[in-house]
Amino acid sequence: MSALPTGLWKWDAADLAAAIRTKGISSREAVAACLGRIDAVNPTLNAVVLTLRDSALAAADEADRTVARGDVLGILHGVPITTKLSADQAGVPNSSGVVAFKDRISNGDEASIANLKKAGAIVIGRTNTPPFCLRWMTENDLHGRTLNPWSVEHVPGGSTGGGASAVAAGMCPLTQGSDNGGSIRYPAFCTGIAGLRPSLGRVPYYNPSQAERTLSSQLIAVSGPLARRVRDLRIGFTAMAQRDLRDPFWSPVPLAGPPLPRPIKVALCTNPTGEGVHPSVFDSLHRAARILADAGYAVEQPRLPSILEAHEVWDLICQGELREFLAGTVSELGDAAMKQAMVYMMARLPAFTLGEYLTLYTRRAAIVREWSVLLEDYPLLLAPVSTRPQFVHGEDIRSQEANDDSYRAQATLTAFALVGIPGVAIPTGVTSGLPAGVLVMAQRFREDVALDAAEIIEAQFPMPTPIDPRF
């Protein structure tokens, strides 16, 4: 085992948890180190928009007393983490980056945050999001623009862009995120870290201060972890996936399934939209495929169901419900950039009747069935996170064409959110100064299989994170 780096803010969550449990370090030392890192780099990156210094240090002191008493400890006991601004956390704002919501204080914890706290994690800050979590980049009039530590010009992704930037820069080893169409996987890709979108029904999802979710959100949106290393994804996922009866769709399925027949077959997808991918994306896919093949996986390129059709159904369902339930609020309360993005998003939608809307869910069922059949034969799927490198700031509001292109580039993210299978965004090194990466997906409830494959890829592409801002 290699020596741990100097500076506790550089440590992985797994190492911090082990050292705190064995009294090698104190939780206060770990929390103070990450708070110090926030002080050092957050003025440049603007990833953490609320630092919970006093409450975090008090919680760390209590965590250390718990260790001293010899009490039973959770798997993240004393480990500093951050949480997403759109998720409820008792006693602090959940503004979702909207000026009008700046004083909206949560009256309880969102289910995944409650589970992280039960596992012993200590929340040291809240991370930035785009308004209403509705853009591929993270900026708003309430808190400003979050930067990607790799490049001042390129986005950290959205909507968990603040959390991803914070993890990549060492402000915390682990952050809580959510994903309706790519909001965990795309920020992980942008910032050179790992992100897990769990299966639908795996991690409980409930925001106590908000109204019940729309139908599409109930069937598509999930919470999950982002971290620098796969082993921390495993710990964060295990903590977040525990039972919470407030989510009626949570499923009591074991976190690890039975062994699969060897060799495990991998379906490689290199052209999800039929329009090709950027050369750096193509290269990442083939390098990852070779690594898996060398590790004993059987990588093939079978005929796949239509990813573009699944993406288009996601767009119609999710943006259609957005038009019905939220577009008016965005038009009234969103900032100028969010309003412009919404205009383009809505212009892409055709008008449809209630019957046509309901028929979309019939199409969704057929799409899920097709992919379930494919994944029975190919338990793993290797695909692009995006068809191109990271967007630049403001790209989605340049024109209608630019906004449409930004969504088509993310077709794998939206398509497989619709299908409901787990996916791990994992880095594959650095190309032209920016992180590259791939998306590893598996059968529903087989996060363990996807994480195993992602860890094999990770071992061949060690990343330098946490990094100082490179500008």
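Where is the place of phenylalanine 445? I found phenylalanine 445 in the loop between strand E13 (434-442) and helix H16 (447-460). Helices (H or I, at least four residues) and strands (E, at least two) are DSSP runs, numbered from the N terminus.

Before going on, I noted the ground rules. This is a predicted model, in which local features need pLDDT of at least 70 and side-chain atom pairs count only at pLDDT 80 or more, while totals for chains, interfaces and linings use all residues. Residues are numbered from 1 along each chain as its sequence is written, and side-chain values use heavy atoms, with hydrogens and water left out.

Entry on positive phi. I read phi of phenylalanine 445 as near 70 degrees, a positive value in a residue other than glycine. Phenylalanine 445 counts as buried because its relative accessibility is 14%. Buried means under 20% relative accessible area, exposed over 50%, and partly exposed in between (1.4 Å probe, protein chains only).

I then looked up lysine 23, where phi is near 65 degrees, also a positive value in a residue other than glycine. Lysine 23 lies in the loop between helix H1 (13-21) and helix H2 (27-45). At 58% relative accessibility, I put lysine 23 down as exposed.

Entry on cis peptide bonds. I found the bond from glycine 158 to serine 159 to be cis, with omega near 10 degrees. Serine 159 sits in the loop between strand E5 (144-145) and helix H5 (161-168).

Which form does the peptide bond from arginine 262 to proline 263 take? I noted that this bond is cis, with omega near -5 degrees. I placed proline 263 in the loop between helix H8 (230-240) and strand E9 (265-268).
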